[in-house]
Amino acid sequence: MAFSIYDFTSFNQSIDKLLYDSLPPFWALIIEMTIIGVVFLLFYAVVGLFLVYAERKVCAFMQNRVGPNRVGPYGIFQTIADFIKLLMKELIYIKNADKLLFNLAPFIVIIASFMAISAVPFAKGLHAIDFDIGILYVIAVSSLGVVGILLAGWSSNNKYSLIGAMRSGAQIVSYELSVGLSLVTIIILAGTMQFSAIVEGQANGWFIFKGHIPAFIAFVVFLIASTAETNRGPFDLAEAESELTAGFHTEYSGIKFAFFFLAEYMNMFLVASIAATVFLGGWMPFHVSGWGGFNAVMDFIPPLIWYFGKTAFIIFLMMWFKWTFPRLRIDQLLTLEWKYLLPINLVNILVMAFMVLMGWHF
Amino acid sequence: MNSFFQYFADIFNGVKSLLTGMKVTGRYFFSPWEIVTQQYPENRKTLKMYDRFKGEVIMPHTANNEHRCTGCGICETNCPNGSIEIIQDKIDMPDGKKKRIIDKHIYHLSMCTFCGLCIKTCPSDALAWGQEFEHAVFDRTKLTKILNKPGSSILKDISE
Amino acid sequence: MKEVINLPVKNIEEEEYHINMGPQHPSTHGVLRLVVSLQGEIVKSLKPHCGYIHRGIEKMCEKDTYPQIIHLTDRMDYLSAHINNHAVCLLVEKALEVEVPERVKYIRTIVDELNRIASHQLWWCSFGMDMGGLTCFFYGLRDREKILDIFEESFGSRLLHSYYTPGGLMMDIHPDFQKNVKVFIKYFRKKIKDYDDLLSGNVIMQLRTKGVGVISKEDAISFGMTGPTGRGSGFSCDVRKHHPYGVYEKVQFNEIVRTEGDTLARYLNRMDEMRESMNIIEQLIDNIPAGDYTAKMKAVIKLPAGEYFQRVESARGELGVYVVSDGNKTPFRMKFRTPSFSNLSTLDYVSRGCKIADLVAIGASMDYVIPDIDR
Ligand code: SF4
Ligand code: SF4
């Protein structure tokens, strides 16, 4: 069983082979799926806990504070303590709420982000499924989350929740366009929708460098639109705590609230990893064509570190947005999309297509 | 045409103002020495309150357990919310006259608004501000304090 | 056969619904309740319900002697406690025709302006927070802390000082007061640039405030809006300029007036007032004359029978104190004209047709303090 931190293909294949050799194919498939499910669950739990902690520390440092520092050294167990607290909280049932939808909503939100992450490659050969239409799949699945938010707002029987949910609906319907189109820009450049092929295509230079200005513009647009899609930062209108107290999750308590809370961070992780994969080369090390020695040093750093480093960088950017900017108003939010991002995006695609046609990229 | 340029000028100025804002938060993020948080229970040892700090009203006593209060009751009348109750006592002086002394100077910390009128108006400067600020207790009755210590007496030069 | 009942069909587009903002709501800054009737996101009308923190301060004052009233006025507009106290002290001094020492006037003016800066800093915090920029909150509080430290060193407390007494001051300023104030001004002149970079110039903030919640000068006057809020509508109403008290005649300062009347004008007015206050302090801080810190007052203060009125410029606007005395040591009737109350009365008028987010922004720009409304 060859194990290497640079290439997981053989490692995964050997597990696959082992299972299929010793079990009937049906059970082997079931076990494989279970393993992947458990791995993702654990991964998400760790990522969620870590991101909540990171967000608190980042915002604390931006605000001249020290942030959580009581539970464990530097407060690293703070989120675990909070999680336990949330587990023990009472689940309050709302009178006249639509029970089924009310209970279903948090799961939909979580599941949507779960489904999307499965297509993302973490390192060479380390991804759950490698669709040929990976990007399309991710765009389609990640927008399911809004259904959960809409249901939560509707079923809570609370006007604040409803306003929040409606805002969220309008917001995601609009920004989904920009997310899609900015990814299309890169698809044109890469010529494929498969994540693994996109990453391989960046072996001799990340797309953000390869695609010159159009790729950079697409990156910025994607960053803005995906921040909006995750209901974060200056676009957190759906929860806008100074206007709607807590927006769509006003009536949720305990662990159901924790689901929404975690889903926000997981969505953030998801869009950050897509941005890292599509624009910044995913797990691909930083290469400059012609610099053999430099490239060798870069190759020495394991792809997982590259991947998480890039994702962390984008997550940091999104946190930086959130803790700097005031919130937009709903009509300005839509103006930003329809008047600025969308036209820019469309022109950008044209430019990119023209560039690819003329072969003006690296 | 003008509005066309205006469109791009808007984008440019907007992005510039956003970056200016990000510069501020980014600068503080990378300058942890500007952190202002005081870590309260840990810094208890070094925490020093200003000497004028109004923590509570106290009655300073000398080493011989003597205070300066004559029991005149002026602080009681001046207190705007009845936080002070004076219980007087009479003792027989050697020359046969009766003399008023303080029996109990009762101070309700829970009602005090720290206006300072009692301290300001006391004719014999018997009261002062204490710097104690950790007043949280589980039982409200603990906030009712008797300021003159048991067995204390009035300073000689005040009583004359 | 069943008969078809024709229910009256309501046009859903025109249907209004009501939400209660408050008494527990993050952006009402306390226990104010706004019953907002909405159509979609648009505010159709709005009804403020005050009184959740009514403590009957005016009535309580009727049983208190004049020195005792001070500690109650602290608790009206707790963010400009000194300035409230100043009003009562000035009124008593005017009624008794007491001339307070020059030193007292200087110190009071400086402390008032410091208090104004502290109050505006907190307003900036909460304005930023209402707009959704939480970082503002911490920057504002960080800088306000410096003023509170100066206050604590000299007056012993951070929020409710009860520092002025009729005729003078409780005690003299701390020996380090002047030094620390100068250090603070130097510090804050640097930090206020951060405020501008972070919020004032920000494109989102500009978009959300420019042209939002416009009040014309006529409306501002008829609603009795004062302070930076009224001056944002071009109503020149600075009591410090028009009816000077303290040593305001001796200092050079500008009355900040803007004519736009929108949320941004009110915002910028307060930012400029902070700078102007620093100018005032800088002119005075080195020239505090030596002398007594209180005038000679009788032990029991009795105002001659009659009516008295005194106004000062608090951080929120014009604060008026009206006293009817029957010659006793307690007032017969006491009435405060508090700025927040008048400013709040415009909220319904201004916010009609705005969005919920605008309502929050307008409310934040009015800077009302709920105990000041309810008293
Ligand atoms: S503390 Fe002072 S004012 Fe109060 S009873 Fe004693 S002597 Fe009189
Ligand atoms: S400080 Fe004021 S409220 Fe407190 S006991 Fe003294 S007079 Fe009463």
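Student: Why does A:N157 count as partly exposed?
Tutor: A:N157 has a relative accessibility of 44%. Buried means under 20% and exposed means over 50%, so A:N157, at 44%, counts as partly exposed. Keep in mind that this is a predicted model.

Student: Where is A:N157 found?
Tutor: In chain A, A:N157 is in the loop between α6 (145-155) and α7 (159-190).

Student: What is the phi of A:N157 like, positive or negative?
Tutor: A:N157 has a positive phi, about 60°, although this residue is not a glycine. In chain B, B:F114 also isn't a glycine, and its phi is positive too, near 60°.

Student: Why is B:F114 called partly exposed?
Tutor: B:F114 comes out at 22% relative accessibility. Since buried needs a value under 20%, B:F114 counts as partly exposed. You'll find B:F114 in the loop between β4 (98-108) and α3 (117-121) of chain B.

Student: What makes A:F219 buried?
Tutor: Its relative accessible area is 7%. The cut-off is under 20%, so A:F219 is buried. A:F219 lies in helix α10 (residues 212-229) of chain A.

Student: Which residues is A:F219 in contact with, leaving aside its neighbours within four places in sequence?
Tutor: A:F219 is in contact with A:I208, A:A275, A:F279 and A:I314.

Student: Why does A:E239 count as buried?
Tutor: A:E239 has 16% relative accessibility, and buried means under 20%, so A:E239 counts as buried. A:E239 lies in the loop between α10 and α11 (241-244) of chain A. Leaving out residues up to four places away in sequence, A:E239 touches several residues, among them A:N231, A:H249 and A:E264.

Student: How far apart are A:E239 and A:S168 in sequence and in space?
Tutor: A:E239 and A:S168 are 71 residues apart in sequence and 8.7 Å apart in space, going from C-alpha to C-alpha.

Student: Over in chain C, why is C:T65 called buried?
Tutor: The value for C:T65 is 16% relative accessibility. Buried means under 20%, so C:T65 counts as buried. C:T65 sits in the loop between α1 (57-61) and α2 (66-73) of chain C. Beyond its neighbours within four places in sequence, C:T65 is in contact with C:K329 and C:T330.

Student: And why is α2(C) said to be largely enclosed by the rest of the structure?
Tutor: Seven of the eight residues of α2(C) are buried, so that helix is largely enclosed by the rest of the structure. Those buried residues include C:Y66, C:I70 and C:T73.

Student: Which residues are closest to ligand 1?
Tutor: Ligand 1 is surrounded by 14 residues, and the closest are B:C69, B:C72, B:G73, B:C75 and B:C122. By class, that shell has nine nonpolar, five polar and no charged residues. Ligand 1 sits in the largest cavity.

Student: What space does ligand 2 take?
Tutor: Ligand 2 takes the second largest cavity. There are 13 residues around ligand 2, with B:C79, B:C112, B:C115, B:G116 and B:C118 coming nearest. Its shell divides into nine nonpolar, four polar and no charged residues.

Student: Which domains does the domain assignment give for chain B?
Tutor: The assignment gives domain 1 (1-37) and domain 2 (56-154). Taken over C-alpha atoms, the centres of domain 1 and domain 2 of chain B are separated by 59 Å.

Terms used
Residues numbered from 1 in each chain as written. Chains lettered and ligands numbered in written order. Predicted model: local features only at pLDDT ≥ 70, side-chain atom pairs only at ≥ 80, totals over all residues. Heavy atoms only, no water. Helix = DSSP H or I, 4+ residues; strand = E, 2+ residues; numbered from the N terminus. Buried < 20%, exposed > 50% of the residue type's maximum accessible area, 1.4 Å probe, protein only. Contact = heavy atoms within 4.5 Å. Near = heavy atom within 4 Å. 1 Å grid on protein atoms, 1.4 Å probe; cavity = no way out; pocket = protein on both sides within 12 Å on 5 of 7 lines; lining within 4 Å. Sits in = over half its atoms within 2 Å of the grid points. Nonpolar A, V, L, I, M, F, W, Y, C, P; charged D, E, K, R; others polar. Domains from an automatic or database assignment.
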